[in-house]
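Me: I would like to learn how to read the features of a model step by step, starting with its helices and moving on to contacts and backbone geometry. Could we go through the general idea each time and then turn to the case at hand?

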Amino acid sequence: MKFGLFYEISVPRPWGRETEKTVYDNCLEQVALADTLGFDQVWAVEHHFLEEYSHCPAPELFLTACAMKTKKMRVGHGIVVCVPEFNHPIKIAERTAVLDILSGGRLEVGTGRSATWTELGGFRASPDETKKTWDEFVHCLPKMWTQERFSYQGRSWSMPQRTIVPKPYQKPHPPLWVAVTSPGTEIDAAERGMGSLGLTFGGFAEQEEKVQRYRKIIRNCTPVGDFINEAVSTVNFLYCHEDDAEGVKVGKRLTGTFNYLAAQLLAAREAYPSKSYPSLGLLPSLRQEASGPGDASGAPEGIAIGNPARLVRELKKWEAVGCDRVNFLLNALETVPQEKVLNSLRLFAKEVMPHFAGASDSASAAAGGR
Amino acid sequence: MPRFGTLDLSGWNKSAPSLSGYKTEPLVLKGAQILSINIEIDDDPADALLPKTMHPSIPAYSIFNVTNYPESPFGAFAIAEVRVSGRTGVRPRGFVLRSYCNNEDACRELASRWGYPTAQADVKLDIRHDRVVGRVNAGGRPILECELIDRDVIAGNDIQYIASMHMARNKEDGKLVLVQVDPDFTFSKAERGKPRINLLDNEAFSAGSNLRLGNPISATFTTADVTLPKIRYICDPELPAMQGTTKVAA
């Protein structure tokens, strides 16, 4: 089991000159610390227009800064929106290659298609088309990275033969992932030999079923890239404190704030009925699951808030259902003061990480030993 | 924190329908034909259309509904309404600015049992092969014409109609309350098309200059059995939903 950070970059009103800078600076400080503590990866979303919820429209820039501040952590585009109105595929191939070079081959590329009308409508993209364009993009991207000359005549885009440069540092190319929110997208990931970047929790039973289905289908996949990236990642919240009650209390404030903000956005399905969006996507699912029934402490099942013992217990459940990685959201609207976030990371690395095989071997030593 | 509505309640103090109480029994209305049109509206002025209870959705949008009910205890009727999207806490809701109905008995029942802010008018759905048009004439002049163009079949389970909030006056204590009305829909047919508003009299829908139409989103035309439910939740229109919501039935 590996652990990482997952950034939406939530910025509270009022938006003064320094507000966004402070939030970005805090995120970078967290990433730099996490690298020394043995966290394995950092992911950043691509979102547009999602006021307060996510001020992260250019994750490749944030991730470049992360790469400059870290030595070992992998940097994950989580995700690149594969819709032509948002991103031209040539630009995706070029900028991811540059980021891979600058990070010394530490890039992971998540792909997806946006789940809100707020964004799709803002770019005047049709919700009916996004699954199709995503599929086209992910089939092209590895070829654009690996072939010296590339040309393409497709449904949503085309280009005459050109040499797309630079090429990624990693050979044959960076690992590819798919954001899995809508039911059945894990099958899309498996059929294409891509990692499943889970962005909803689901109940453990549902998650286990999804993971088993993914692992079964990927055995006979037709990979879009030059290799199969069989990996299952999920997202979670993190607030770790020696005192369980305090950990749960602060953690619930974090999950509640995040979910409250998410609910204000306009899901594609609410505004524009389409079979392309059978579920509400990331945001409402996170909301429901993170506010679901828990034990007497009030901590919802599976959410990593509380003391180290509780976190070990809950994360072991994720490991048991077959997740390889858990990426953590650390804050929303700066609800948790920066020093508390940093202490939470330190405590997690010291007391929780060592209980998981595959989590960084250096975790315990870096955090001062157990 | 998200923005809140800033609606001035003085207009509603005069015009809110009188609610007979909260113990309304559900009403099943079979075979309803529902034209529903979503159009984005300018964010900042839209805040003034929503009560303080609600957050505007991001972005704000308005919902134009024109519905034929071929059978009911009050006979056939048609109703048109204009709603503004928002959130009560984390729940998507549409605040009804104004509605018009072509059946006097239905008008009275809907107002007194569920708080529909309804006046009588001529409401019609014109169903053609290439489009569905909803029209409202009040006082001898047109106040709304909206249409779905290029009908295309979709699945009923792709549709998600959001619940409504109705501003009403509780007869017992005379106070304004927001009544949550969350009908249940069983779809037998669903279509989607391009939305268009050909005519809108803002004043007739109590919107003044604050309803400024923007980017068109979608239009649907469905056939459904609709159940108007028991009233379960009411809100204080002066307080955020997280503080001012009361459960009045299971």
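This is a predicted model: local features need pLDDT of at least 70, side-chain atom pairs count only at pLDDT 80 or more; totals for chains, interfaces and linings use all residues.

Me: Which residues of α11(A) are buried, and on what side of the helix do they lie?

Reply: The general idea is that an α-helix has 3.6 residues a turn, so residues three or four places apart point the same way. In α11(A) the buried residues are P308(A), R310(A), L311(A), E314(A), L315(A) and W318(A). They cover an arc of only 155° around the axis, which puts them on the same side of α11(A). On the other side of α11(A) one finds A309(A), R313(A), K316(A) and A320(A), which are exposed. The helix itself runs over residues 308–320 of chain A, and its 13 residues reach 18 Å from the first C-alpha to the last, close to the 18 Å expected. Just after α11(A), G322(A) takes a positive phi of about 105°.

Me: What do the buried residues of α11(A) pack against?

Reply: Their partners in chain A are the strands β9 (232–240), β10 (304–306) and β11 (325–329), together with the helices α8 (244–263) and α12 (338–352).

Me: At what angle do α11(A) and α12(A) pack?

Reply: Two packed helices are described by the angle between their axes and the distance between the axes. Here α11(A) and α12(A) pack at an angle of about 70°, with their axes 10 Å apart. The two helices α11(A) and α12(A) are therefore roughly perpendicular to each other, and their crossing is right-handed. From α11(A) the contact is made by P308(A), L311(A) and V312(A), and from α12(A) by L347(A), F348(A), E351(A) and V352(A).

Me: Where do the buried residues of α2(A) fall when the helix is seen down its axis?

Reply: The buried residues of α2(A), a helix of residues 59–69, are P59(A), F62(A), L63(A), C66(A) and A67(A). Seen down the axis they fall within an arc of 145°, so they line one face of α2(A). These buried residues pack against α1 (19–37), β2 (41–44), β3 (74–81) and α3 (89–102) of chain A.

Me: How many residues does each chain bring to the contact between chain A and chain B?

Reply: Chain B brings 22 residues and chain A brings 20 residues. On the side of chain B that touches chain A, the elements that give two or more residues are β2 (27–41) and β14 (213–228) of chain B. Of these, β14(B) gives the most, with 4 residues.

Me: Is A80(B) buried or exposed?

Reply: The cut-off needed here is that a residue is buried if 20 or more other C-beta atoms lie within 10 Å of its own. A80(B), which lies in strand β5 (residues 77–88) of chain B, has 28 C-beta neighbours inside 10 Å and so counts as buried. Leaving aside residues up to four places away in sequence, A80(B) touches N65(B), V66(B), S99(B), Y100(B), V123(B), G134(B), V136(B) and L144(B). Within that list, V123(B) is 43 residues from A80(B) in sequence, yet the two are 6.7 Å apart in space, C-alpha to C-alpha.

Me: Which peptide bonds are cis, and what is the phi of D150(B) and of S206(B)?

Reply: As background, most residues other than glycine have a negative phi, and most peptide bonds are trans. The bond from R13(A) to P14(A) is cis, with omega near -5°, and P14(A) is found in the loop between β1 (2–7) and α1 of chain A. The bond from G78(A) to I79(A) is also cis, with omega near 25°, and I79(A) lies in strand β3 of chain A. D150(B), although not a glycine, has a positive phi of about 65°; D150(B) is placed in strand β10 (residues 141–153) of chain B and counts as exposed, with 11 C-beta neighbours inside 10 Å. S206(B), likewise not a glycine, has a positive phi of about 55°; S206(B) lies in the loop between β13 (184–200) and β14 of chain B and is partly exposed, with 18 other C-beta atoms within 10 Å.

How values were computed. Residues are numbered from 1 along each chain as its sequence is written. Chains are lettered from A and ligands numbered from 1 in the order in which they are written. The expected span of a helix is 1.5 Å times one less than its number of residues. A residue is buried if 20 or more other C-beta atoms lie within 10 Å of its own, exposed if 12 or fewer, and partly exposed in between; C-beta atoms are placed from the backbone. The arc is that of the directions from the helix axis to the C-beta atoms. Two residues are in contact if their C-beta atoms, placed from the backbone, lie within 7 Å. Axes are lines fitted to C-alpha atoms, for helices over the stretch in contact, and angles run from 0 to 180 degrees between N-to-C directions. Angles under 35 degrees count as roughly parallel, over 145 as roughly antiparallel, 65 to 115 as roughly perpendicular and the rest as oblique. A crossing is left-handed if the near helix is turned anticlockwise from the far one by less than a right angle, and right-handed if clockwise.
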